[in-house]
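Hello,

I am handing over the structure we talked about, and I hope you enjoy looking through it. My notes follow below it.

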Amino acid sequence: MLLATLLSLTLVEPRRKKFEHPEGSLKGILSILRYSFRGNSRLRGMILYASLISASTLTMFWFWQPYFKSAGLPVALFGAVFAGLQFWMSFVSHQAHRIEGILGEKISLLSFLVLVAFGYFAAAVAPPWAAFPVATLFFLVRGFNTPLFGDYVNRLVPSDRRATVLSLQALLGRLIFAIYGPLAGWIADSRGLPSAFAVSGGLFAFLGGTCLFGLLHRKKLAYRR
């Protein structure tokens with residue numbers, strides 16, 4: 001974290017068009033909200049879908065420790081396993097543009113939902129030894145979706161609004177998790193982890209599928225350069 005702080009000092013503010021309202025002003029934020037959810041249907045669909053995928057992986061993230069514990073992984077190995085998964089996620093993020101170039105936009109968007117749903121249902125029914133392969137699926141999605149959604153949203157939004165729109169997308173994903181996370185935890189406590197995984201997989205598959213269907217069937221808007 002200290003290294004990241006030092007690296008942040010090397011960042012340079014790019015030249016860009018200034019927004020019509022002062023940055024951080026209430027009018028400016030409300031204007032961007034209207035633009036994101038009313039003025040651009042494709043952008044709205046992309047934000048909602050990205051937020052659902054983010055919430056789905058974030059929900060599973062808080063299940064990893066009890067899930068690995070139920071699979072018999074010694075607590076002493078938790079740190080090493082998480083480090084390995086983080087390196088795996090970083091590698092996928094680094095290769096995301098190449099993967100997307102092979103799969104294309106539609107298949108890439110669909111793959112997020114398919115992998116998340118499959119991962120949840122696999123966690124619900126698979127034997128304990130499958131915990132690590134299941135984890136690699138979720139960390140693959142986390143590594144793949146973050147740079148791609150950022151790129152897709154950036155190409156739909158003018159430069160003066162991108163930072164706020166991306167922040168809005170991140171906030172919405174965490175709000176979805178804040179609403180659903182306690183329910184998922186209650187299901188896990190009262191019915192067991194497999195039930196929580198099955199319910200989560202079904203819920204995110206339904207909501208994400210509905211959102212993705214609408215997103216892919218809207219008239220495609222030209223991306224901004």
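To begin with, what percentage of the 225 residues of the chain count as buried? The figure is 41%. Please keep in mind that this is a predicted model, so everything here is computed from it.

**Overall picture**

The chain has ten helices and zero strands, and reading along the sequence gives α-α-α-α-α-α-α-α-α-α. Its C-alpha atoms fill a box of roughly 55 × 40 × 40 Å along the principal axes. A compact globule of 225 residues would have a radius of gyration near 17 Å, and the 19 Å of the chain agrees with that. If you take the contacts between residues at least 6 apart in sequence, 79% of them join residues at least 24 apart.

**The nonpolar core**

The largest nonpolar core holds 57 residues. Inside it, the residues with the most contacts are Y49, M60, W64, F68, L109, F112 and F197. At least two core residues come from each of helix 2 (26-39), helix 3, helix 4 (64-70), helix 5 (78-94), helix 7 (105-125), helix 8 (131-156), helix 9 (162-191) and helix 10 (193-216). Helix 8 gives the most, with twelve residues. As background, nonpolar side chains in soluble globular proteins tend to be buried together.

Apart from neighbours within four places in sequence, F112 is in contact with Y49, I53, V141, F144, N145, L148 and F149.

**A buried serine**

Have a look at S56 too, in helix 3 (residues 41-61). Is S56 buried or exposed? Its relative accessibility is 1%, so S56 counts as buried, the cut-off being under 20%. Setting aside neighbours within four places in sequence, S56 is in contact with V116, Y120, F138 and F204.

**Where helix 5 meets helix 6**

The axes of helix 5 and helix 6 (residues 96-103) come within 4 Å and cross at roughly 55°. The two helices are therefore oblique to each other. On the helix 5 side the contact is made by V92, S93 and H94, and helix 6 brings A96, H97 and I99. By type, the residues of this contact divide into three nonpolar, three polar and no charged.

Happy browsing, and do write back with any thoughts.

Best wishes

Terms used. Residues are numbered from 1 along each chain as its sequence is written. This is a predicted model: local features need pLDDT of at least 70, side-chain atom pairs count only at pLDDT 80 or more; totals for chains, interfaces and linings use all residues. Side-chain values use heavy atoms; hydrogens and water are left out. Buried means under 20% relative accessible area, exposed over 50%, partly exposed in between (1.4 Å probe, protein chains only). Contact means heavy atoms within 4.5 Å. A nonpolar core is a set of buried Ala, Val, Leu, Ile, Met, Phe, Trp, Tyr and Cys residues joined through side-chain atoms within 4.5 Å. Axes are lines fitted to C-alpha atoms, for helices over the stretch in contact, and angles run from 0 to 180 degrees between N-to-C directions. Angles under 35 degrees count as roughly parallel, over 145 as roughly antiparallel, 65 to 115 as roughly perpendicular and the rest as oblique. Ala, Val, Leu, Ile, Met, Phe, Trp, Tyr, Cys and Pro count as nonpolar, Asp, Glu, Lys and Arg as charged, and the others, Gly among them, as polar. The radius of gyration is taken over C-alpha atoms; the globule rule is 2.2 Å times the number of residues to the power 0.38.
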